[in-house]
Amino acid sequence: MTDLSRPALPGVLPDKRQVAASFSRAAASYDSVAQLQRDVGHTLLARLPLAFAPRRWLDMGCGTGYFSRVLGDRLPASHGVALDIAEGMLNHARPLGGATYFIAGDAERLPLQAASCDLIFSSLAVQWCANFDAVLSEAYRVLRPGGVLAFASLCVGTLDELRESWRAADGLVHVNRFRTFEAYQQLCAASGLRAVSLERLPHVLHYPDVRSLTHELKALGAHNLNPGRPGGLTGRARIVALVDAYEQFRQAQGLPATYQVVYAVLEKPR
């Protein structure tokens, strides 16, 4: 039987220890280049049910705590928990406030009691979880009846311009893999949570050159973490080939980088 929580591509998603270390290193630079993350997170917030007033919320994969602070401001009467697998991100977020508690933890094994939260909010974090059915199972366990899991993630089609340009340059794995939108649909349908909404929308950013894009990915901690990625320095000839290939995608606004974003709002039945 096919494991739909894993991408239908050779290899597997990155080792979570490497993900945690990479995002910890990026904590100081993350907010300066996180416009996509903020745009996506605010779009996800706008999809929450009207008049929804959770008593306790969880920001799962809180990163630098930007949305923990947004949730804290919007829900002043609630108690918030900010959780991330990267200690460096938590160390950055904690003094800035927003949540009542800051906890190091894994979305696949939440260190929270059953039926303890009314809202689990997670923006651009769960794409790093190889066992996404465990994420959904944990969300079901931790949510109270009537509680909501709202997540935004990335699926196949993300950074395809960069992926195709590297394929033309050297054929090696340089771009992170993501699961398909259809896998998200099937896993959510089997989770026991009711889909209020589940959709995929493209978000396109433009850059003056390839270096600007790759620098941003590194500053975000989201550069290539895949098993099978090439080791060592990338040779000048391959960089030239990459740039030449990517220039074929150039538009009037610059070089496009397309992110295929999955937005989901799921409710635990009462």
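Me: Let's start with a word: buried means under 20% relative accessible area, exposed means over 50%, and partly exposed is in between (1.4 Å probe, protein chains only). Is Cys155 buried or exposed?

Reply: First, a heads-up: this is a predicted model, where local features need pLDDT of at least 70 and side-chain atom pairs count only at pLDDT 80 or more, while totals for chains, interfaces and linings use all residues. Residues are numbered from 1 along each chain as its sequence is written, and side-chain values use heavy atoms, leaving out hydrogens and water. Cys155 has a relative accessible area of 0%. That value is under 20%, so Cys155 is buried.

Me: What about disulfides: how many turn up in the whole structure?

Reply: A disulfide is a covalent bond between the sulfur atoms of two cysteines. The test here is a pair of cysteine sulfur atoms within 2.5 Å. Cys188, at 3% relative accessibility, is buried. Searching the whole structure for disulfides gives a count of 0.

Me: Zooming out, what share of the protein chain's residues is buried?

Reply: The protein chain has 10 helices and 7 strands, taken from DSSP runs (H or I of at least four residues for helices, E of at least two for strands) and numbered from the N terminus. Contact means heavy atoms within 4.5 Å, and among contacts with a separation of 6 or more, residues 24 or more positions apart account for 80%. As for burial, the chain has 270 residues, and the buried share is 53%.

Me: At what angle do helix 3 and helix 4 pack?

Reply: Two packed helices are described by the angle between their axes and the distance between the axes. Axes are lines fitted to C-alpha atoms, for helices over the stretch in contact, and angles run from 0 to 180 degrees between N-to-C directions. Helix 3 (residues 35-45) and helix 4 (residues 66-74) have their axes 11 Å apart, at an angle of about 35°.

Me: And which residues of helix 4 make that contact?

Reply: By class, the contact has 5 nonpolar, 3 polar and 2 charged residues; Ala, Val, Leu, Ile, Met, Phe, Trp, Tyr, Cys and Pro count as nonpolar, Asp, Glu, Lys and Arg as charged, and the others, Gly among them, as polar. Helix 3 brings Gln37, Arg38, Gly41, His42 and Leu45. From helix 4 come Tyr66, Phe67, Val70, Leu71 and Arg74.

Me: Is the crossing of helix 6 and helix 8 left-handed or right-handed?

Reply: Helix 6 (residues 132-142) and helix 8 (residues 181-189) pack at about 35°, with axes 10 Å apart. Phe132, Asp133 and Leu136 of helix 6 meet Tyr184, Leu187 and Cys188 of helix 8. A crossing is left-handed if the near helix is turned anticlockwise from the far one by less than a right angle, and right-handed if clockwise. The crossing of helix 6 with helix 8 is right-handed.

Me: How are the rings of Tyr246 and Phe249 paired?

Reply: Rings of Phe, Tyr and Trp (its six-membered ring) pair if their centres lie within 6.5 Å; planes under 30 degrees apart count as stacked, over 60 as edge-to-face and the rest as tilted. That rule gives 7 aromatic pairs. The centres of Tyr246 and Phe249 are 5.9 Å apart with the planes at 75°, so this pair is edge-to-face.

Me: Staying with Tyr246, how far apart are the C-alpha atoms of Tyr246 and Pro256?

Reply: Tyr246 is in helix 10 (residues 236-246) and, at 1% relative accessibility, is buried. Beyond four places in sequence, its contacts include Glu161, Leu162, Leu255 and Pro256. Pro256 is 10 residues from Tyr246 along the chain, and their C-alpha separation is 9.1 Å.

Me: Last one: what is the phi of Leu124?

Reply: Most residues other than glycine have a negative phi, and most peptide bonds are trans. Leu124, in the loop between strand 4 (117-123) and helix 6, is buried at 11% relative accessible area. Its phi is positive, near 55°.
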